[in-house]
Amino acid sequence: QSISDRTSLSAVEIDERYWGTNKYDYQVVELAENLKSTGDYRIGLLSNISRDWMPDILLFFDEKKLFDEILLSGDVNVVKPNPQIFEMMASKLNLAPEECVMIDDVASNVNGARTAGMHGIVFFSASQTKEDLNSLLLLNHA
């Protein structure tokens, strides 16, 4: 309702736009779970969403099972694609930026991560992302 109060959209329109475009991709969740379960990789969630929305976003998932660290832009007052937030995420994960891969469906966010020294993959589909990630890991012997 607070978003509706600040915009020309009704609460119903906001709900439809949000939930109509943001859907769980269970293949991506499975990929993250599989990578994390090997113990070889640290998985972070970096988002520009509000902390108030986190319970809705992770409603069906155990965040500790999926992520080693979560960094929300509102908590640090820096938003993607600013390279500083990617550096912050790498630090939270105790990794150098060049040891990180940023996967995002927004190309400018991936470019921001690359500027910070990370590898980047633009997400189009779960299968494409998995292939790109596997190629990148093989290329870097990770």
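In the predicted model, R42 has a relative accessible area of 36% and is therefore partly exposed. The side chain of R42 forms a salt bridge with D68, with the closest N and O atoms 3.9 Å apart. This pair joins distant parts of the chain, since R42 lies in the loop between α3 and β1 (44–47) and D68 in the loop between α5 and β2, 26 residues apart. D68, at 26% relative accessibility, is likewise classed as partly exposed. A salt bridge also connects D68 to K36, at a closest N to O distance of 3.6 Å; here the loop between α5 (63–66) and β2 is linked to helix α3 across 32 residues.

A further salt bridge, with an N to O distance of 3.5 Å, is found between K92 and E69. K92 belongs to helix α7 (residues 83–92) and E69 to strand β2, 23 residues apart. Relative accessible area is 33% for K92, which is partly exposed, and E69 is partly exposed at 22%. K36, R42, D68, E69 and K92 are linked in a network of salt bridges, and the protein has five salt bridges by the criterion applied.

The largest nonpolar core comprises 14 residues, and L35, I43, L66, F67, I70 and L133 have the most contacts inside it. At least two core residues each are contributed by α3 (26–37), β2 (69–72) and α9 (126–139), with α3 providing the largest share, four residues. A second, separate core contains 13 residues, including M89, L93, M102 and M118.

Overall, the protein contains nine helices and four strands, and 33% of its 142 residues are buried.

Methods
Residues are numbered from 1 along each chain as its sequence is written. This is a predicted model: local features need pLDDT of at least 70, side-chain atom pairs count only at pLDDT 80 or more; totals for chains, interfaces and linings use all residues. Side-chain values use heavy atoms; hydrogens and water are left out. Buried means under 20% relative accessible area, exposed over 50%, partly exposed in between (1.4 Å probe, protein chains only). A nonpolar core is a set of buried Ala, Val, Leu, Ile, Met, Phe, Trp, Tyr and Cys residues joined through side-chain atoms within 4.5 Å. A salt bridge is a side-chain nitrogen of Lys or Arg within 4 Å of a carboxyl oxygen of Asp or Glu.
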